[in-house]
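Try each task before you read its solution.

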Amino acid sequence: MANLLYSQVALHADYGGVVPELASRDHVRKTLPMIKEAMEESGTASDQVAAIAYTRGPGLVGALMVGAAIAKSLAMAWNVPALGIHHMEGHLLAALMDGTGHSSSPEFPFTALLVSGGHTQLMSASGLGHYRLLGESMDDAAGEAFDKAAKMLDLGYPGGPEIARAALQGQEGRFKFPRPMTDRPGLDFSFSGLKTYTMNCIAELKRKENTLTDQDRSDVALAFETAVVETLTIKCRRALEETGLNQLVIAGGVSANVRLRQSLEEMAKKLNASVIYPDLKFCTDNGAMIAYAGYLRYKLDQKDDLSIQVKPRWPMDSLSA
Ligand code: KG4
Ligand code: ZN
């Protein structure tokens, strides 16, 4: 009915990453006015609200606490349940939401690749709240690697879209970056070595040329993006083969990457599987996905106690329906 977004990108851009204290303070300033605006835009009165969903975790504790405090206070005032939602479950379920521009709606069971600034995980989802972790990053998330690589190349923040844009002008084959952990079995990832590799490659260019040209930036961006995309594709292929499932849902900010989508689609076609992702604006962080996850859980009669605490760390395979 309404889906408003206030981005803190400009607030954090100067720092090349999220500054926790600034993030929390901005949540305090913006959240209530935005809730009011969303209710006005959708013509919803407070007595028409059946439940309130909020992000309980994982994430930065300060920002989570602001959201939880507001959600619980409103829930108490309006006498409705407040449902604490897992951020990554929100991403995962976004693909099931109607009206999000996806090609088809997945049906349980399916495999999911969750790739954001904080997570890189492969899951098998057999039903709402029933997720099995197949593999995850041993160190940095893919999105974090995109952001850091962009920073090293003096590109903007957030790094993912900037790397993708620079890579469009890149020359194929000038550099070949490693595909971490693809030469051994298993579905885990590692992206920190790729960051070091990128750093060394840039240092070498600067040493040789005394500077970094736009062409250098594009070539490094392309090599980096290709390495991440191929690594994710190889692991997704393995996950589909190992689970025998034929639907792959991709979610989280990095799933907005066009090259990743193309590569996964090509791979899935060969396996007679389908790749499902929501419209771009529902891939990166958004409120609708949390509301939708809350709606599904509300229908299952979930009632969280108002005394539950936020969970900055919260493994997704510990959820239940
Ligand atoms: O899910 P998200 O919006 O926030 C988190 O929960 O982390 O994901 C943000 C991440 C950032 O690291 C950003 O660089 C990355 O998603 N991202 C992309 C693209 N758009 C956003 N990475 C690669 N290609 C993109 N087009
Ligand atoms: Zn997210």
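**Exercise 1. Decide whether Arg207 is buried, partly exposed or exposed, then find its salt-bridge partner.**

Solution. Keep in mind that this is a predicted model.
- Step 1: Arg207 has a relative accessibility of 60%, and exposed means over 50%, so Arg207 counts as exposed.
- Step 2: its side chain meets that of Glu204 in a salt bridge, at 2.9 Å from N to O.
- Step 3: both residues lie in helix H7, 3 residues apart, which is about one turn of the helix.
- Step 4: Glu204, at 34% relative accessibility, counts as partly exposed.

**Exercise 2. Work out which parts of the chain are linked by the salt bridge between Glu209 and Arg174.**

Solution. 
- Step 1: the closest N and O atoms of Glu209 and Arg174 are 3.7 Å apart.
- Step 2: Glu209 sits in helix H7 (residues 192-209) and Arg174 in the loop between helix H6 (159-167) and H7, so the pair links distant parts of the chain, 35 residues apart.
- Step 3: Glu209 is partly exposed at 33% relative accessible area, and Arg174 is partly exposed at 32%.

**Exercise 3. Describe how Glu225 and Arg259 pair, and how accessible each one is.**

Solution. 
- Step 1: their side chains meet in a salt bridge, 2.6 Å from N to O.
- Step 2: this pair also links distant parts of the chain, with Glu225 in helix H8 and Arg259 in helix H9, 34 residues apart.
- Step 3: Glu225 is buried, with a relative accessible area of 1%, while Arg259 is partly exposed at 26%.

**Exercise 4. Show where the buried residues of helix H9 lie around its axis, and what they pack against.**

Solution. 
- Step 1: the buried residues of H9 are Leu260, Arg261, Ser263, Leu264, Met267 and Ala268.
- Step 2: seen down the axis, they fall within an arc of 170°, so they line one face of the helix.
- Step 3: the face turned away from them carries the exposed residues Val258, Glu266, Lys269 and Lys270.
- Step 4: the packing partners of the buried residues include strand S3 (110-115) and helix H8 (214-243).
- Step 5: at the N-terminal end, Asn257 caps H9, with a side-chain oxygen 3.1 Å from the backbone nitrogen of Arg259.

**Exercise 5. Identify the residues that coordinate the zinc ion (ligand 2).**

Solution. 
- Step 1: the donors come from His87 (NE2), His91 (NE2) and Asp285 (OD), at 2.0 to 2.1 Å.
- Step 2: along the chain they follow the spacing H-x3-H-x193-D.
- Step 3: His87 and His91 are 4 residues apart in helix H4 (residues 87-94), so about one helical turn separates them.
- Step 4: His87 is buried at 15% relative accessible area, and His91 is buried at 0%.

Technical notes
Residues are numbered from 1 along each chain as its sequence is written. Chains are lettered from A and ligands numbered from 1 in the order in which they are written. This is a predicted model: local features need pLDDT of at least 70, side-chain atom pairs count only at pLDDT 80 or more; totals for chains, interfaces and linings use all residues. Side-chain values use heavy atoms; hydrogens and water are left out. Buried means under 20% relative accessible area, exposed over 50%, partly exposed in between (1.4 Å probe, protein chains only). Helices (H or I, at least four residues) and strands (E, at least two) are DSSP runs, numbered from the N terminus. The arc is that of the directions from the helix axis to the C-beta atoms. Contact means heavy atoms within 4.5 Å. A polar contact is a pair of N or O atoms within 3.5 Å; within protein, one must be able to donate a hydrogen and the other to accept it, and residues adjacent in sequence count only if both atoms are side-chain atoms. Donors are N, O and S atoms within 2.8 Å of the metal (3.2 Å for Na, K and Ca); water is not among the atoms, so sites may look incomplete. A salt bridge is a side-chain nitrogen of Lys or Arg within 4 Å of a carboxyl oxygen of Asp or Glu.
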